[in-house]
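Subject: Structure handover

Hello,

Here is the structure for your files. My notes on it follow below.

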Amino acid sequence: MHRALSVSRVTPWTLLGLLILAQICYPLTSGDTRAAFTVATVVLGYVLSVSHAFLTRGPRAALALVGTATLGGFAVEALGVATGFPFGTYDYSGQLGPKLLGVPLIIPLAWTWMAWPAWLAAQRLPLARWARVAVAAFGLAAWDIFLDPQMVAEGYWRWVSPTPALPGLPGIPISNYLGWLGFALILMTTLDHLVRRIIPPAGPSVAPDGDVPIIVLWIWTYASSVLAHAVFLGLPASAVWGGVLMGAAVLPLLPHLRHRS
């Protein structure tokens with residue numbers, strides 16, 4: 001029992017530390033090395049989120065996360081590459097590793113990596129259930145305002161028709177962000193429904209500090225993205241857009257970080 005508790009506490013923090021280290025190394029490198037750190041970050045984030053769901057809420061919760069975010073993320077990306085819906089017309093380069101149906105295999109892992117902290121963070125807000133789902137979806141979609149400009153600048157994917165675009169963010173159509181928001185709403189609604197069926201409100205509770213590594217991941221992702229885009233990556237417009245829009249989902253969380261007994 002003690003050993004299982006130690007694993008459930010140490011593993012997320014260890015993975016989070018490795019992920020942060022990989023992200024710090026990213027702006028200090030270039031070319032193939034930078035692409036390797038991109039892949040490493042996504043894989044670490046994926047393992048962190050899925051293992052946390054497994055360790056804190058059980059195997060069915062982890063399967064719910066994989067089913068909605070990993071499989072769902074792959075399905076919507078494959079649809080997008082094939083048809084241009086719902087994001088717009090785009091294609092991936094070969095820098096992010098092997099592809100299936102035109103989609104690099106790490107892309108659905110990225111959906112999963114950030115879907116779990118977005119959902120968990122929203123659960124701490126004193127809102128109605130539907131509002132927490134909406135906040136989680138908005139936060140996940142707003143993260144893409146950091147992700148897409150960064151990845152397009154690196155040449156990891158490109159848009160065939162990148163207009164109309166947000167001011168200061170050329171190369172990415174507004175339809176992409178609307179597609180992210182639409183799919184994020186579907187993803188979060190489904191994930192919320194499945195996890196609540198697995199762990200009803202009257203069921204076993206998570207240890208008081210069990211979700212802290214994922215909450216730290218959520219806040220770190222926001223703060224480090226603002227800093228990296230503003231200072232290290234030469235993307236000030238996405239620092240502003242992302243800082244405001246993702247901040248609308250992240251910053252209201254800060255007054256509610258004290259654990260309820």
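There is one cavity of 30 Å³ or more in the structure. A cavity here is, on a 1 Å grid over the protein atoms alone, a set of points where a 1.4 Å probe fits but cannot get out; grid points are joined across faces, edges and corners, and a volume is the space filled by probe spheres set on the points.

Before the rest, the basis: this is a predicted model, in which local features need pLDDT of at least 70 and side-chain atom pairs count only at pLDDT 80 or more, while totals for chains, interfaces and linings use all residues. Residues are numbered from 1 along each chain as its sequence is written, and side-chain values use heavy atoms, with hydrogens and water left out.

The largest cavity has a volume of about 40 Å³. Its lining (residues with an atom within 4 Å of a point) consists of Ala118, Ala121, Ala122, Leu125, Val135, Ala136, Trp218 and Ala249. By class, that makes eight nonpolar, no polar and no charged residues (Ala, Val, Leu, Ile, Met, Phe, Trp, Tyr, Cys and Pro count as nonpolar, Asp, Glu, Lys and Arg as charged, and the others, Gly among them, as polar). Helices α4 (106–122) and α5 (129–154) each supply at least two lining residues, and α4 gives the largest share, three.

Trp218 is also one of the buried residues of α7, where buried means under 20% relative accessible area, exposed over 50% and partly exposed in between (1.4 Å probe, protein chains only). Others buried in α7 include Pro213, Leu217, Tyr222 and His229. Gly234, with a positive phi near 65°, follows α7.

Thr38 lies in helix α2 (residues 31–57). It counts as buried because its relative accessibility is 9%. Beyond its neighbours within four places in sequence, Thr38 is in contact (heavy atoms within 4.5 Å) with Tyr26, Leu96, Met151 and Tyr156.

For the chain as a whole, there are eight helices and four strands (DSSP runs, numbered from the N terminus: H or I of at least four residues, and E of at least two). From the N terminus the order is α-α-α-β-β-β-α-α-β-α-α-α. Of the 261 residues, 49% count as buried. The C-alpha atoms fill a box of roughly 50 × 35 × 35 Å along the principal axes.

Regards

Key. On a 1 Å grid over the protein atoms alone, a cavity is a set of points where a 1.4 Å probe fits but cannot get out, and a pocket is an open set with protein on both sides within 12 Å along at least five of seven lines; lining residues have an atom within 4 Å of a point.
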